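Dear colleague,

I am handing over the structure we spoke about, and my notes on it follow below. Please keep it open while you read.

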Amino acid sequence: MNERNNLYPIFIKMHSINTLIVGGGYVALEKLTFLLKSSPNAKVTMVANFFRPDVITLAKQFDVKLVKMSYHDSFLIDQDLVIAATDKPEVNQQIYNDAKANHILVNVADTPELCDFYLGGIVTKGHVKVAISTNGKSPTTAKRLRQFFEDVIPENIDDLVQNLNRFRKTIKGDFEHKVQTLNNVTKTLISDKNRYND
């Protein structure tokens, strides 16, 4: 039997949880940039002995709290999600161990075996968001797929979502009837696309 991706994708309201990023260098900057691009209102604290100027600039722009100190497990108090992005494997391992001991989800950069979750490729067009994962096997593939979907998903897809949302609110009846009605309406989107491709 072929291997498959058994990860369960979820979309987290990052403004309602606390995220800790440990590190202040290039990798931490990449993780912070990725996170804020997708969720600009995320509540983030960063801990490191040194912060790159780009990190400081981004932190000021998005109200990210910077703490210039060495990592200690006390920084995990009240945190819901942790990303370890230091250049010291032993520190990243300690962060992982501490997070697991405190039942906090953790991602250790570039170390799939020390990750409860991966940061995949993300495409955002208004209210439409597509997340792409290669199960930690190939971030480059996720990046290329992200670029592909950014090209093929039309910029005005959000208009469709907003219109369907307004239409959904006008439908009377029980949940099953609403689902069936919306299925009938949206089914034509696929058939119309197929007709144009013939």
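How many residues does helix 1 have, and how many Å does it reach from its first C-alpha to its last? This is a predicted model, and in it helix 1 (residues 26-38) has 13 residues and reaches 19 Å, which is close to the 18 Å expected at 1.5 Å a residue. The buried residues of this helix are Ala28, Leu29, Lys31, Leu32, Leu35, Leu36 and Ser38.

Isoleucine 83 in strand 4 has isoleucine 21 opposite it, while alanine 84 stands opposite valine 108 in strand 5. Leu81 and Ile83 point one way from strand 4, whereas Val82 and Ala84 point the other way, and all of them are buried.

On the surface, Tyr8, Ile10 and Ile12 form a nonpolar patch, with about 370 Å² of accessible area together. Tyrosine 8 lies in the segment before strand 1 (18-22), and this tyrosine counts as exposed because its relative accessibility is 72%.

Finally, the count of aromatic pairs comes to 1. The rings of phenylalanine 148 and phenylalanine 149 have centres 5.3 Å apart and planes at 70°, so the pair is edge-to-face. Phenylalanine 148 is partly exposed, at a relative accessible area of 45%, and phenylalanine 149 also counts as partly exposed, at 28%.

How values were computed
Residues numbered from 1 in each chain as written. Predicted model: local features only at pLDDT ≥ 70, side-chain atom pairs only at ≥ 80, totals over all residues. Heavy atoms only, no water. Phe/Tyr/Trp six-rings, centres within 6.5 Å; stacked < 30°, edge-to-face > 60°. Buried < 20%, exposed > 50% of the residue type's maximum accessible area, 1.4 Å probe, protein only. Patch = residues over 30% accessible without salt bridge, like charges linked within 9 Å, V, L, I, M, F, W, Y side chains within 5 Å. Areas by Shrake-Rupley, 256 points an atom, 1.4 Å probe, with all protein chains shown as cover. Salt bridge = Lys/Arg side-chain N within 4 Å of Asp/Glu carboxyl O. Helix = DSSP H or I, 4+ residues; strand = E, 2+ residues; numbered from the N terminus. Expected span 1.5 Å × (residues − 1). Pairing = 2+ DSSP bridges.
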